[in-house]
Amino acid sequence: MKTLVLFYSTYGHVWKMAEAVAEGARQVEGNEVVVKRVRETLPPELLDQIHATQAQQAFAHIPVATPEELAEYDALLIGVPTRYGNVASQMQAFLDGTGGLWAKGALIGKAAGAFTSTATQHGGQETTLRSLHTEFLHHGLVVVGLPYSFQGQTIISEVSGASPYGASTIAGGQGERQPSQNELEGARFQGRHVSEIAKKLCGK
């Protein structure tokens, strides 16, 4: 069984969530977990202007995925920061390249989950995740969220991401906030949960 954790990250928040998702997925016996990223489409001069160049160097060693290889996996976990309540263009461009897989029905019946990061508590976490869910459904993927059995969803003692639609983190307006322990635990839970569902679906 194989699980792909695929992400796009500007400042590293989604990458850190992706690594936690992968940790959780590796807890499923017999699961080969691969972490990959999508290609950056912003020009280097713009990345410099928004102070993202140095942050991206931290995960530059992560290999870049191709749309075609999605068919090789039993489970997909896709992480992306929000842009105005929607999927960042880098990930959207990648997903727009999966038409050949859609035409062949190559992803039908596989399990998929989504996770995200926003600057603020109400900055589009749920709309971004639901947008990814819509694309999953068009591919015939089985959408798996973050159930309330992850009890960190219900805490009110601190500001925290996480919803039934998927794991999430809050980065702050300047990217100054890093994923909390509760948010990382939600990511681990989701990685494990999606992989467990995938294992049942493929009878392994």
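Which residue does the UniProt annotation "binding site" cover? I looked this up first, and the record, an unreviewed entry, puts the annotation on W102. UniProt positions are given in the numbering used here, feature names are shortened, and annotations may be inferred rather than shown by experiment.

**Entry: ground rules**

I note that this is a predicted model, in which local features need pLDDT of at least 70 and side-chain atom pairs count only at pLDDT 80 or more, while totals for chains, interfaces and linings use all residues. Residues are numbered from 1 along each chain as its sequence is written, and side-chain values use heavy atoms, with hydrogens and water left out.

**Entry: W102**

I placed W102 in helix α5, residues 99–104. Helices here are DSSP runs of H or I with at least four residues, strands are runs of E with at least two, and both are numbered from the N terminus. W102 has 55% relative accessibility, so it counts as exposed. The scale calls a residue buried under 20% relative accessible area, exposed over 50% and partly exposed in between, with a 1.4 Å probe and protein chains only. I then listed contacts, meaning heavy atoms within 4.5 Å. Leaving aside neighbours within four places in sequence, W102 touches H138 and H139.

**Entry: E126**

I found E126 in helix α6, which covers residues 125–138. Its relative accessible area is 41%, so E126 is partly exposed. Beyond its neighbours within four places in sequence, E126 is in contact with S163 and Y165. I also checked E126 against T41: they are 85 residues apart in sequence and 24 Å apart in space, C-alpha to C-alpha.

**Entry: aromatic rings**

Rings of Phe, Tyr and Trp (its six-membered ring) pair if their centres lie within 6.5 Å; planes under 30 degrees apart count as stacked, over 60 as edge-to-face and the rest as tilted. By this rule I count 3 aromatic pairs. One of them is F7 with F59, edge-to-face, at 5.7 Å centre to centre and 70° between the planes. F7 is in strand β1 (residues 2–7) and F59 in the loop between α3 (53–57) and β3 (75–83), so I noted a link between distant parts of the chain, 52 residues apart. Both residues, F7 and F59, are buried.

W15 and F59 form a tilted pair, 5.5 Å centre to centre with 40° between the planes. Since W15 lies in helix α1 (residues 13–25) and F59 in the loop between α3 and β3, this pair ties together parts that are 44 residues apart in sequence. W15 counts as buried at 17% relative accessibility, and F59 is buried with a relative accessible area of 4%. Ring pairs join F7, W15 and F59 into a cluster.

**Entry: charges over rings**

I count a charge as over a ring if NZ of Lys or CZ of Arg is within 6 Å of the ring centre and within 35 degrees of the ring normal. K2 lies over the face of Y73, 4.8 Å from the ring centre. The charged end of R192 sits over the ring of F189, at 5.1 Å from its centre.

**Entry: the whole chain**

I read 7 helices and 7 strands in the protein chain. From the N terminus on, their order is β-α-β-α-α-β-β-α-α-β-α-β-β-α. The C-alpha trace spans about 45 × 40 × 30 Å along its principal axes. Of the 204 residues, 53% are buried. Among contacts between residues at least 6 apart in sequence, 78% join residues at least 24 apart.
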